[in-house]
Amino acid sequence: MDRKELVRALIEDQGRLWSEEIGARIDLDTPEDWFHWLLGALLMSARIDATMAAKAAGALKLEEMSTVQGVLETERDQRIRVLNENCYARFDNVGADQIFEAAQLVQETYGGDLRRLREEGRDAAGIRARLKGVKGIGDVGADIFLREAQLVWDEVFPMADAHALEQAKDLGLPERPEELAQIAGGRERFVRLVTALARVWLDGPSDRVKEAAA
């Protein structure tokens with residue numbers, strides 16, 4: 001196994017960030033993009049195919065429902081319709097309610113800006129606890145959100161969820177986030193590597209990854 005080639009294959013073949021897939025530019029560090037990514041993590045944490053959930057999260061932006069104010073100005077049946085028409089039919093009612101409640105909480109608690117959640121959380125544990133205060137965000141949702149939030153939020157870097165670390169072990173890579181960050185060769189590459197490992201857990205490795213891991 002060529003470890004460098006394996007890491008390169010993972011990042012290039014399966015390292016697309018879910019936030020990118022739904023259209024949330026968290027690298028810009030804006031309230032709008034952070035809230036959109038929160039909605040993405042919320043929808044993806046349900047027991048539904050991640051690609052389908054990502055499509056629903058992306059549709060929210062197209063329908064101008066990806067910001068706090070945009071969600072608060074919608075009617076419940078509007079939110080249900082968008083989710084139902086975009087691969088989220090099994091959870092459209094629950095999802096519609098959770099999206100609205102998330103917008104209310106972020107507006108009332110953080111003035112519409114999740115960067116305040118980061119400030120008030122102060123460290124990884126505090127940030128995670130506050131994220132889990134959003135209805136619909138449990139440990140899985142927090143893992144999804146933080147896995148990519150660490151691209152910008154120093155307090156949670158480096159982190160990798162259990163599924164990503166399980167795949168790292170199976171592929172012969174280090175099982176500690178700090179070691180994975182070192183071999184990745186940079187923060188963005190590490191975030192993409194951990195995302196790739198999570199995608200391997202969900203979808204299996206690409207042919208190139210299989211070859212590099214052999």
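Visitor: Which helices do the buried residues of α8 pack against?
Guide: You are looking at a predicted model, where local features need pLDDT of at least 70, side-chain atom pairs count only at pLDDT 80 or more, and totals for chains, interfaces and linings use all residues. Residues are numbered from 1 along each chain as its sequence is written, and side-chain values use heavy atoms, without hydrogens and water. Helices here are DSSP runs (H or I, at least four residues) numbered from the N terminus, and contact means heavy atoms within 4.5 Å. On that basis, the partners of α8's buried residues are α3 (31–44), α7 (92–110) and α9.

Visitor: Which residues of α8 are buried?
Guide: Buried means under 20% relative accessible area, exposed over 50%, and partly exposed in between (1.4 Å probe, protein chains only). In α8, which runs over residues 114–121, those that count as buried are Leu114, Leu117, Arg118 and Gly121.

Visitor: What do we call the way α9 is angled to α10?
Guide: Axes are lines fitted to C-alpha atoms, for helices over the stretch in contact, and angles run from 0 to 180 degrees between N-to-C directions. The axes of α9 (residues 124–131) and α10 (residues 139–149) come within 9 Å and cross at roughly 125 degrees. Angles under 35 degrees count as roughly parallel, over 145 as roughly antiparallel, 65 to 115 as roughly perpendicular and the rest as oblique. Therefore α9 is, relative to α10, oblique.

Visitor: Which residues of α9 make the contact with α10?
Guide: On the α10 side, the contact is made by Asp139, Ala142, Asp143, Phe145 and Leu146. On the α9 side, the residues are Ile127, Arg128 and Leu131.

Visitor: At what angle do α3 and α4 pack?
Guide: Helix α4 spans residues 50–62, and its axis and that of α3 are 9 Å apart. The angle between α3 and α4 is about 150 degrees.

Visitor: Is Glu64 buried or exposed?
Guide: Glu64 lies in the loop between α4 and α5 (68–72). Although not a glycine, Glu64 has a positive phi of about 60 degrees. Its relative accessibility is 65%, so Glu64 counts as exposed.

Visitor: What is the omega of the cis peptide bond from Phe157 to Pro158?
Guide: Most peptide bonds are trans. Pro158 sits in the loop between α10 and α11 (162–170). The bond from Phe157 to Pro158 is cis, with omega near -5 degrees.

How values were computed: Helix = DSSP H or I, 4+ residues; strand = E, 2+ residues; numbered from the N terminus.
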